[in-house]
Amino acid sequence: MNDAPRLKLVEVERYERDVRLRLPFRFGVTTVTHATQAVIRATIALPDGHTEQGVAAETLAAKWFDKNLALSDEQNLDQLRQSLAIAIELYTARGFDTPFGLYAGVYREQQARGAALDLNPLVASYGPALLDRAIADALGRATGHSFPEMVSQNLLGIRATDLTPDLAGFDIGAFLGGLRMAPLIEVRHTVGLVDPITAGDQKPGERVDDGLPETLEEVVRHYRGRYYKLKVGGNVAADLERLSGIAAVLDRALPEYRATLDGNEQYESVEGIAELWRRMRETPALRRLVDAIIFIEQPIKRQVALSRPVATLSDEKPLEIDESDGELSSFPAALALGYTGVSSKNCKGFYKSILNAARVAKLNAEAGRARAFMSAEDLTTWAGVSVQQDLCLVSLLGLTHVERNGHHFIDGMSFAPEAEQAAFVAAHPDLFAKGTGPARLRIAAGRLSIGSLDCPGFAVAAGLDFASMRPMPAAPREPVGRALAAGG
């Protein structure tokens, strides 16, 4: 750990790009038809004066980080821009440190400054999540190391601190040294709340007809995946009816499949989601689907999710936190209440994912069994930088399947100029293919080939066309909802 290079953040260029979704995506309280992505290019300096640049990209997602309906979607985006602005200021001021030292050294101040702007912990974590990826990418390019090499050799300087007292005494170096990225990973397809299940669910004129599957039935036939993530909406009767339609398709088309349920905070209490699970078990048409469910993800609103025990349901089916995973202390708090799982999402920060994976390894080793788990989840990671860095991370952590939804709701790299698309196809031919349309992910038998992501930097061997992007607007200096709350 003492050999981790020290560096400082010199400059961060901030950009944005837009895309219109090919299909509407409904999750939680919102239906998304278009999206904006933040793209950053960070410049680091090493003590010998050498400088290098690294990149990262992440959706500026409305109504996930902060689901307050009093805030507009644009105000949600401004919150995320504020988080990034805070992180840039704090990281730059810290001077030379290890990559992890930059993250851990400003963690509490990042959260405190975020709170002063009424940013919840998930929003406050967004800025560091982007910066840490770009910094790791720059360091890898400067040293010639890939992200798997930097993590396994601990060139990032990851260690237990007072931020993670439960990891005291755990040999993080040995844990990291045992991590290896696999060349393949299975896709877990997301079924959103308004996704058509069969062609009969589509109204006249709704078909896109762009050569990609649109209904669940078509998705199963086209990709032949074994894993599915099913959104539920908080109304037991409506959820049962929709799940029955989904089960009919999966049962008919696949000899074997696995699935997860995602509540997206739509249930008010554990009793509500427990009622859905009980009714699912009592429904003959859902027998195979019930047997296929691996875990249930964040069914309870975050305001109350970590306030009461959930053992009444978790004893029957593992429960995982996602939106409630706002701080480094969130997963241990959830474990104490009966949850056993936590999601990895790059938008929450890859250091958090690594530390939580270490917690899972420690707990399972102590228990002598699989007591805790981690899953790989998506936040509409766009093709290119965003999806590549996320795939590299979760595969390195030993996760064998990952929720992927960007390839279904966004038509490949349609948002990028032709030259950028061609560069990514050339650099990552195992992951992308380009025919007459935009560059798209290669999904064969439900799997992605990702060996090319083990390249110098953080999983990106192609260049981006920054000239085609627009500069990110300046973040507001005041809480975005304060004028609204005052009646303005």
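Is Tyr 15 buried or exposed, and what is its relative accessible area? Tyr 15 is buried, at a relative accessible area of 14%. Buried means under 20%, exposed over 50% and partly exposed in between, with a 1.4 Å probe and protein chains only.

The model is predicted: local features need pLDDT of at least 70, side-chain atom pairs count only at pLDDT 80 or more, and totals for chains, interfaces and linings use all residues. Residues are numbered from 1 along each chain as its sequence is written, and side-chain values use heavy atoms, with hydrogens and water left out.

**View 1. An open sheet of four strands.** The strand order is S3-S2-S1-S15, and the pairing is antiparallel. Strands (E, at least two residues) and helices (H or I, at least four) are DSSP runs, numbered from the N terminus. Two strands pair if DSSP finds at least two bridges between them. Strand S3 (51-59) and strand S15 (470-471) are the edges, each pairing on one side only. S15 joins strand S1 (residues 8-27) through two bridges, in the antiparallel sense. Here Tyr 15 stands opposite Pro 471 of S15.

**View 2. Helices against the sheet.** Helix H3 (residues 121-143) packs on the sheet and touches S1, strand S2 (30-45) and S3. Contact means heavy atoms within 4.5 Å. The direction of H3 makes about 145° with that of S3. Helix H14 (residues 385-396) lies across S2 and S3, at about 95° to S3. Axes are lines fitted to C-alpha atoms, for helices over the stretch in contact; angles run from 0 to 180 degrees between N-to-C directions.

View 3. In H16 (residues 418-427), the buried residues are Glu 420, Gln 421 and Phe 424. They sit on the same side of H16, because they cover an arc of only 100° around the axis. The arc is that of the directions from the helix axis to the C-beta atoms. The buried residues pack against S1, H14 and strand S12 (432-433).

**View 4. Aromatic pairs across the chain.** The whole structure holds 16 aromatic pairs. Tyr 15 and Phe 466 form a tilted pair, since their ring centres are 5.1 Å apart and their planes stand at 50°. Rings of Phe, Tyr and Trp (its six-membered ring) pair if their centres lie within 6.5 Å; planes under 30 degrees apart count as stacked, over 60 as edge-to-face and the rest as tilted. Tyr 15 is in S1 and Phe 466 in the loop between strand S14 (447-449) and S15, 451 residues apart. Phe 466 counts as buried, at 9% relative accessibility. Phe 147 and Phe 458 are stacked, with 3.8 Å between centres and 5° between planes. Phe 147 lies in helix H4 (residues 147-152), Phe 458 in the loop between S14 and S15. Both are buried. They belong to one aromatic cluster, together with Phe 100, Tyr 103, Tyr 107, Phe 350 and Tyr 351.

**View 5. Arg 41 over the ring of Phe 466.** Arg 41 lies over the ring face, 4.0 Å from the ring centre. A charge sits over a ring if NZ of Lys or CZ of Arg is within 6 Å of the ring centre and within 35 degrees of the ring normal.

**View 6. Leu 46 in the S2-S3 loop.** Leu 46 counts as buried, at 13% relative accessibility. Leaving out residues up to four places away in sequence, Leu 46 touches Arg 6, Leu 7, Phe 96, Leu 139 and Ala 142.
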